[in-house]
Amino acid sequence: MRIYATYNIKGGVGKTTTAVNLAYLAAADGLRTVLWDLDPQGAASFMFRVKPRVKGGGRALIRGQRSLDDAIKGTDFERLDLIPADFTYRNMDLLLDKGPEAKQSRKLSRLLAPLAVEYDAVFLDCPPSISLVSENVLHAADTIIVPLIPTTLSVRTLEQLTDFIAGFSGRRPDVLAFFSMVDRRKKLHREITEELSAKRPDVAATIVPSATLIERMSVERSPVSAFAPGSAAARAYRALWTEVREGLD
Amino acid sequence: MTPGLAGFVVAGAEPHWDDALDSVMAALAETFALAPARAGAPGGGRRRTWLDTFDWRLYRAGLLLEYVTANRAGQLVLTSVGASAAGDPEPVVQPVTGWRVVQPCLFDHLPDGPVTDRIAGVIAPRALLPLVTVATTASVTSLLNEDGKTVARLLIERPVITAGHIGTAGSEARIDLPPRLSVTEVRGYPGPARRAARIMALAPQIEPGAPGGSPEKALLDEALAAIGTRAGNYSNKVDAKITADMASARAVATILLTLLGAVEVNVNGVLRDTDTEFLHDLRVAVRRTRAAIKLLGEVLGLADDVLDQFAADFKWLGDVTTPVRDLDVHLLDFADMTAQLKAAKPTDLDPFRDFLVQRRAREFRALARALRSPRFGQLTANWRATLTAIADGQPRRPGKPGKGAAKPALPGRPDPLASAQTAGGLAIDRTRVAFRKVARRGGAITSDSPAESLHDLRKRAKELRYALEFFAPLHDKQDYAAVLGDLKRLQDCLGEFQDTEVQMEEIRALAEAMLSAQAASRGAIARTVLAMGEITSGLATRQVGARDAFENRFAGFAGQDGQRRMAVLLHRTGGAA
Ligand SMILES: Nc1ncnc2c1ncn2[C@@H]1O[C@H](COP(=O)(O)OP(=O)(O)OP(=O)(O)O)[C@@H](O)[C@H]1O
Ligand SMILES: [Mg+2]
């Protein structure tokens, strides 16, 4: 089982959009896949038309009093399941903030372990922030996928993240950043994306363009890869998924 | 997605199927929004051909084997329909390439894989034959909740027979079977699937499919019925449709007609050389026919010379099948034979095998000629006409076998159907006599008795076995099974004693034949003959073992307990009054 997380401190950069499309593509490739919507806003759950509510409460789930198994919902797509968001995730930091400090950032990792029997791929969709939740996610994941908006500041965001991870003792996840919402007509976008993907090996060659079809996902309530598989946007996510998977070898 | 929650079949005749489906959909639409399933959902079509041996070995063992093609990939799928309470285990799947659907496949030609591992022991030495091909198109409808989320799925499968490989429909058959419907649950949404199943259960035009059983088996049974046959309709048991109060002549004619059917039904498989067991079963039916003529023939009321001619013709038929069967036995035993070699190398026997194969090819041609000859055709036709007349209770002038002429029954003879004896009376009578003979002759055998006395006892035991088998439907099942079990053990012992001797003699004769046929290369043949010598020595050891076991086996069958069991059996036999 391989655990992927989409992560960025900043909000609105495309984390959920990416998680939803890559999870869909993983399942389409034959991997038994589950996406865990950790954001109390429930954007990923909404995208799959699943109500943002965990049976028996998200609190019991995070505390390990209920098994993840009971919370899992089948999506409309073969091999793709979802663990919905829950309102109680608002206070997830408080839920995690129990027990010895050294163990607090590894709780999520332990909760996920039993999924290995049933799944080949797990996707975690995080809320934006630096918090105990995101720390847990960074520790649990094998691969961190970081959507970047092409601004000069985005480089700093990435550097901060890699520095933070470098400080981990023991296992460290792989990091793969990519540019999202790129407008090729803007000179600045072109310059930044070209420069960075050439310079940094942890920046993907794939660029996800800014596309109105992607915005339509919340109207269609479906991954763009499913409702418009031939579109440039879907092709970009397909290429990104290929890069993410190949990054493993 | 979890597997099918509830299965249904559309009821009634074909023109109404679509109406039934429409009304089911309408009923579901009152609770769910319906949408054709999105891409990526299960569905599509597949074509499957069920396979089994001629005598239904898989079906009888609770196994269903299909060759399935979907998206051009082929695989063998083995499903177990055993009535285990824990539910059926997962099907075993084995991808195969180049499978020839219409061709029989001999057990030892099956491609390696998990299905082969599971079935080889069950079907050997028979071939797998195609039974019926069914193509299924499937469509999936999503049942949606108020968010437009799929919360259950409805699978509609439309099976159509595209070829009947057995039965009467023919290989061009195209027969639609009633559509199947099943609801499947989406994980985390148990309620909607249950609701959908309830709605469907209330729909008048559909009914639960295979309640408590396997939907796969139900479909196969239905498909077989549609092509005019049924599973398990052949076995090499006698199983004649007789009753205890039938007139004995009619019962015996019925038994003989059943045996004739067994001869005829195996002829094609013999001629096509599909597997060795067609010939084996044909020979068994011929032997039983000859035994029945000998033991029971006179109650048919035929003139002696007529009956004698039939008996002679069936002896001819038995004899023409012997050489090929003997060679088959050697070839089937070959692997075991080479495995027991200690001094010689297994390859030393290769020339022996080649020799057997060549001989078999020659003998097979002679056998095929005999089975295609007018003599065989007239024999079966005349025999059938003669027996049918008796079984139907209108003894016409029975045909004379082999000559096509007919001769009236002897005027002095009583009409056999008017005679008072019933099948039940005849069964008791003949079984008792045969049992007494076995008990008396076997009891006289001591350790000093010559081999011939055991060979003779074997014949008497066979006669008893035939008497029991012919009238099996008249006996109590349990009593019968008890007596037959002991008798079989005795027969196995006597058979081993004599067959090992016969095989030794045959191997000696074959060795001589090989030597004279290959006089030029004596040096090479010496090793082979030495290895064959080792085989005969193994046979000699087995023969001694059989002789040692005899006393026990005989006591087990014909001792006090055995006598009592037989008495109980005959006492309870229908028509014993
Ligand atoms: N490539 C793109 N082109 C155009 N619009 C995009 C693209 N990617 C994302 N968006 C839009 O941007 C908005 C934010 O995207 P998304 O929800 O995926 O980001 P996020 O990082 O998960 O946000 P949050 O931090 O709130 O969880 C959405 O309205 C989405 O439709
Ligand atoms: Mg988000």
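Analyst: In this predicted model, domain 1 of chain B and domain 2 of chain B bury about 640 Å² between them, and 67% of that area is on carbon and sulfur atoms. On the side of domain 1 of chain B, B:Phe54, B:Pro125 and B:Arg126 supply 68% of the area buried against domain 2 of chain B, more than any other three residues.

The division of chain B places residues 6–226 in domain 1 and residues 248–575 in domain 2. The C-alpha centres of these two domains of chain B are 43 Å apart. Their contact takes 8 residues from domain 1 of chain B and 9 residues from domain 2 of chain B.

Charged pairs also occur here: 2 salt bridges are found across the interface of domain 1 of chain B and domain 2 of chain B. B:Arg126 forms a salt bridge with B:Asp275, and the closest N and O atoms of this pair are 3.1 Å apart. B:Arg126 is also one of the three residues named above for buried area.

Next come two helices of chain B. Helix α7 of chain B covers residues 276–296 and helix α8 of chain B covers residues 304–332. Their axes come within 9 Å and cross at roughly 150 degrees, and the crossing of α7(B) and α8(B) is left-handed. Residues of α7(B) that take part include B:Thr276, B:Leu282 and B:Ile293, while those of α8(B) include B:Leu307, B:Phe314 and B:Leu332. By class, the contact of α7(B) with α8(B) has 10 nonpolar, 6 polar and 6 charged residues.

Definitions and conventions:
Residues numbered from 1 in each chain as written. Chains lettered and ligands numbered in written order. Predicted model: local features only at pLDDT ≥ 70, side-chain atom pairs only at ≥ 80, totals over all residues. Heavy atoms only, no water. Axes fitted to C-alpha atoms, helices over the stretch in contact; angles between N-to-C directions. Helix = DSSP H or I, 4+ residues; strand = E, 2+ residues; numbered from the N terminus. Left-handed = near helix turned anticlockwise from the far one by under 90°. Contact = heavy atoms within 4.5 Å. Nonpolar A, V, L, I, M, F, W, Y, C, P; charged D, E, K, R; others polar. Domains from an automatic or database assignment. Buried area = accessible area lost by both parts, 1.4 Å probe. Salt bridge = Lys/Arg side-chain N within 4 Å of Asp/Glu carboxyl O.
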